[in-house]
Amino acid sequence: MSTTGTSPGQVVVIGAGIAGLAAAHRLLTRGARVTVLEAADRVGGKLLPGEIAGVRVDLGAESMLARRPEAVTLAREAGLADRLRPPAVASAAIWTRGALRPMPKGHVMGVPGTAAALAGVLSEEGLARIERDAELPRTEVGDDVAVGEYVAARLGREVVDRLVEPLLGGVYAGDAYRLSMRSAVPQLFQAARAHTSLTEGVREIQAKAAASRQTGPVFMGIEGGVGTLPLAVAESVRARGGEILTGTPVTALRREPAGGWRVTAGERELRADAVVVAVPAPAAARLLREESPAAAAELSAVEYASMALITLAYRRADLSLPEGSGFLVPPVDGRTIKAATFASQKWGWIAEDDPETVVLRTSVGRYGETAVLGRDDADLVDVSRHDLREAAGVEAAPVETRVTRWTDGLPQYPVGHHARVARIREHIAKLPGLAVCGAQYDGVGIPGCIASAHAAVDQLSGDLGGVEELTAHPVQSLHGGAGE
């Protein structure tokens, strides 16, 4: 891609998930000619709209962080401004120690500013252990540290097991004792560097948030489902002259001796001035193996977690739900589901679609769990119904169910993730006209993917500001309450 201010030329984007589509959208605003190649028969990646019992629902991610601008801005630019909707209810619960308990306030991804903030969720012994934080000597974090390891050292394992783990598990389907604090919860990492006491650091984070007087919802959905976002962006890309080819897997990516790139997709060959690789790490590794073996090796080492979403529709007359948007489940309690969303209560537009139908959603699967995901769909529905009955008294039989499996759906951010991403980008920088983006780099949520895409496009034109900002401040993916 030219860095002289002339036309950006022809750019091929490989992958039509939200990162690839956001990259294409930004490229077109810069005057590029853009072709997007997608192996699947649809666009959108992990964002998937669907329906159950005639009601529109999301079968993938269902909300996006609104305190970051990227996702909401892109939705507006794609013509969805009048369909943006905050959750109708924001209060969630946690199913722990045999009961549904209100989700505590006053914490940062489960880490409290005071012991009192977790009263009702933790035991008396667990609350007393938090109080010891102020007396403990400094816990060094070095270049990175596992969230669970650090928090347990400061506040005790009960905080991690009962609250941090289910919150982080909802975002990453990961293990808090493996996940990088620097990449997954950068706010806490900076607090740990600046303070001896973790609770003191959390209180400072809370004070700064209060002083900034941020207004408006923390999360946002879209009427019809967040899964409609990539469809709208794809439509906008095509309207601006971009080409999107689905069912077109890329089989080879080669640099041309005279400059530029040759992209092979089956019988089709495309020449490009620049290429944006916006596919998951394993696919990116395969494409880059010839031109950058070092980057490919790093990408091959990225691990993924699989999960499944079980969507259930009920007759409203058949059940009575607790208030709120749903609940999270700590793994330590030994349940099968890890979260449940009362979708018809959380999103007003679902209830409006059919007031006589209630939609619930559960999720199963965490990093390293293979047995539960090996069960057939009927078994996953049965275990979901069992846990919903135990937690929320849902005795009724659903009128329809759907199971959506996301195999290797969530990249893991273990300790040292930031250093791996830096090495990948260092290797990629040696190849003019090439950039990478997606969930495996700077944040797994929708804003993180879009920020990654924008940084990739800017990098192609010689502007490294976006990459440098994401390196210094990765996009923290918060949890929207239950079942994200």
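Is Arg 68 buried, partly exposed or exposed? Let's find out as we walk through this structure, which is a predicted model.

## A pair around Arg 68

Arg 68 turns out to be partly exposed, with a relative accessible area of 26%. Its salt-bridge partner is Glu 70, and the closest N and O atoms of the two side chains are 2.5 Å apart. Glu 70 has a relative accessibility of 13%. That value makes Glu 70 buried, because buried means under 20% relative accessible area.

Now let's turn to another pair. Arg 30 and Asp 458 form a salt bridge, with 2.8 Å between the closest N and O atoms. These two residues are 428 residues apart, so this pair links distant parts of the chain. Arg 30 lies in the loop between α1 (18-29) and β2 (33-37), while Asp 458 belongs to helix α17, which covers residues 446-460.

How accessible are the two partners? Arg 30 is partly exposed at 35% relative accessible area, whereas Asp 458 is buried at 9%.

Next comes a sheet. It is an open one, made of 3 strands in the order β13-β14-β15, and the pairing is antiparallel. The edge strands, each pairing on one side only, are β13 (252-255) and β15 (268-272). From one strand to the next, the twist averages 20°. As a general point, strands of a sheet pair through backbone hydrogen bonds, either parallel or antiparallel.

You can follow the pairing of β13 in your viewer. Its antiparallel partner is β14 (residues 261-265), and 4 bridges connect the two strands. One place to look is Leu 253, which stands opposite Val 263 in β14.

## Salt bridges elsewhere

Which residue meets the side chain of Arg 262 in a salt bridge? The partner is Glu 269, at 3.6 Å from N to O. Arg 262 is partly exposed, with a relative accessible area of 23%. Glu 269 is also partly exposed, and its relative accessibility is 45%. Salt bridges that share partners also join Arg 56, Arg 85, Glu 223 and Asp 353 into one network.

How many salt bridges are there in the whole structure? A search finds 25.

How values were computed
Residues are numbered from 1 along each chain as its sequence is written. This is a predicted model: local features need pLDDT of at least 70, side-chain atom pairs count only at pLDDT 80 or more; totals for chains, interfaces and linings use all residues. Side-chain values use heavy atoms; hydrogens and water are left out. Two strands pair if DSSP finds at least two bridges between them. Axes are lines fitted to C-alpha atoms, for helices over the stretch in contact, and angles run from 0 to 180 degrees between N-to-C directions. A salt bridge is a side-chain nitrogen of Lys or Arg within 4 Å of a carboxyl oxygen of Asp or Glu. Buried means under 20% relative accessible area, exposed over 50%, partly exposed in between (1.4 Å probe, protein chains only).
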